[in-house]
Amino acid sequence: MAYPDTRFRRMRRDAFSRRLMREYTLTVDDLIHPVFVHEPAGRAAVPSMPGVERLSIDELLRQAEAASELGVPALALFPVTAPEAKSLDAAAAWDDDGLCQRAVRALKSRFPELGVITDVALDPYTSHGQDGLVDDAGYVQNDATVEALVKQALSHARAGADVVAPSDMMDGRIGAIRMALEEDGHVHTRILAYAAKYASSFYGPFRDAVGSASALGKADKRTYQMDPGNTDEALREVAADLDEGADMVMVKPGMPYLDVVRRVKETFGVPTFAYQVSGEYAMLKAAAANGWLDERACALEALLGFKRAGADGVLTYFALDAARWLREG
């Protein structure tokens with residue numbers, strides 16, 4: 001029907017009718033809190049990510065307590081490996097007494113109901129900053145890297161991780177990890193596959209946080225992470241990871257790739273997650289610090305955009321703030 005019989009603004013006039021017709025909502029159940037854990041005692045600020053800190057395991061437990069009290073379902077762990085522990089073969093990645101493994105055990109002992117997601121990738125542990133093992137020419141070797149990732153994933157599962165999240169973009173690693181988990185008796189360990197991870201320029205602050213930026217130098221990851229111009233390829237990657245045993249899939253980065261989130265969700269209908277990455281977070285924080293944007297309003301609007309695109313959940317450095325804001329109403 002045409003105006004004036006149809007007046008769209010009628011339903012927008014009052015809060016109650018806006019609420020009744022709202023198609024998508026953001027809740028605390030949609031939030032995953034990424035955290036950086038380091039060996040030194042206490043906390044250390046990440047300058048390029050205002051409000052984000054590297055945490056000792058003791059401080060991590062305090063952060064986890066806050067997340068639990070706010071109802072955040074899960075944390076995603078990212079270790080900051082000491083320079084002396086890095087190597088060409090990334091052996092520290094599967095050390096059962098390594099930083100990540102100790103953090104997992106501490107979290108599951110103190111907060112058994114809090115989901116713990118671990119990053120399965122070698123870049124925090126390699127002396128060159130790449131996500132895999134390299135040959136003499138510096139090319140990341142796929143199959144040798146997959147063997148290392150399997151050992152890393154098993155180490156995390158044995159420590160008690162609820163979800164292992166391979167973020168490396170090697171071919172075949174999901175199937176190899178799934179088979180190894182089954183054979184080792186970890187039949188309940190979930191796999192969150194970074195199935196569509198792009199070679200993005202939005203990762204800079206994260207690499208500062210985990211200490212891989214200096215090791216990587218001027219090198220890039222374009223030989224294994226996806227080209228930003230491709231979306232059909234993302235669907236093939238997702239299909240392969242699901243066929244190999246992934247329980248959930250990830251699109252990374254988030255906001256510049258909402259079209260990919262939508263295509264993945266509509267095509268496969270599986271649990272689909274997105275990562276609001278460090279560069280996205282830093283941009284909003286910088287604009288808010290300059291008084292150009294309302295931080296709370298813009299952060300919540302951005303997170304709602306992920307839900308509208310089809311994401312079932314979002315990894316976001318705003319997780320604790322967003323949970324508080326949502327509680328306040």
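Trainee: Ser155 lies in helix α4 (residues 142–159). Is Ser155 buried or exposed?

Mentor: This is a predicted model, in which local features need pLDDT of at least 70 and side-chain atom pairs count only at pLDDT 80 or more, while totals for chains, interfaces and linings use all residues. Residues are numbered from 1 along each chain as its sequence is written, and side-chain values use heavy atoms, without hydrogens and water. Helices (H or I, at least four residues) and strands (E, at least two) are DSSP runs numbered from the N terminus. Burial is read from relative accessible area: buried is under 20%, exposed over 50%, and partly exposed in between, with a 1.4 Å probe and protein chains only. With a relative accessible area of 2%, Ser155 is buried. Leaving aside its neighbours within four places in sequence, Ser155 is in contact (heavy atoms within 4.5 Å) with Trp94, Asp95, Asp96 and Gln101.

Trainee: Where does Tyr125 lie, and which residues is Tyr125 in contact with?

Mentor: Tyr125 belongs to the loop between β5 (115–120) and α4, and at a relative accessible area of 5% this tyrosine is buried. Once neighbours within four places in sequence are set aside, its contacts include Pro79, Thr81, Ala85, Lys86, Cys100 and Gln152.

Trainee: Is Tyr24 buried or partly exposed?

Mentor: Tyr24, placed in the loop between α1 (15–21) and β1, has a relative accessible area of 33% and is therefore partly exposed. Apart from neighbours within four places in sequence, Tyr24 is in contact with Arg262, Leu304, Lys307 and Arg308. For Lys307, the C-alpha to C-alpha separation from Tyr24 is 6.9 Å, although the two are 283 residues apart in sequence.

Trainee: Which strands pair with β7?

Mentor: Two strands pair if DSSP finds at least two bridges between them. Strand β6 (residues 163–166) pairs in the parallel sense with β7 over two bridges, and Val163 has Arg190 of β7 as its bridge partner. The chain passes from β6 through helix α5 (residues 173–183) to β7 in a right-handed β-α-β crossover, meaning that the path from the first strand over the helix to the second runs clockwise when the strands point away from the viewer. Strand β8 (residues 248–252) runs parallel to β7 and is joined to it by four bridges, with Leu192 opposite Met248. Seven of the eight residues of β7 (residues 190–197) are buried.

Trainee: Which residues of β10 are buried on one side and on the other?

Mentor: In strand β10 (residues 313–316), Gly313 and Leu315 are buried on one side, and Val314 and Thr316 on the other. Strand β1 (residues 31–38) pairs in parallel with β10 over two bridges, Ile32 being partnered by Leu315, while strand β9 (residues 272–276) is parallel to β10 with four bridges, and Phe273 is partnered by Gly313.

Trainee: How do the axes of α11 and α12 cross?

Mentor: Two packed helices are described by the angle between their axes and the distance between the axes. Here the axes of α11 (residues 295–309) and α12 (residues 319–328) come within 11 Å and cross at roughly 100°, which means that α11 is roughly perpendicular to α12. Axes are lines fitted to C-alpha atoms, for helices over the stretch in contact, and angles run from 0 to 180 degrees between N-to-C directions; angles under 35 degrees count as roughly parallel, over 145 as roughly antiparallel, 65 to 115 as roughly perpendicular and the rest as oblique. Glu295, Arg296, Ala299, Leu300 and Leu303 of α11 meet Asp321, Ala322, Trp325, Leu326 and Glu328 of α12.
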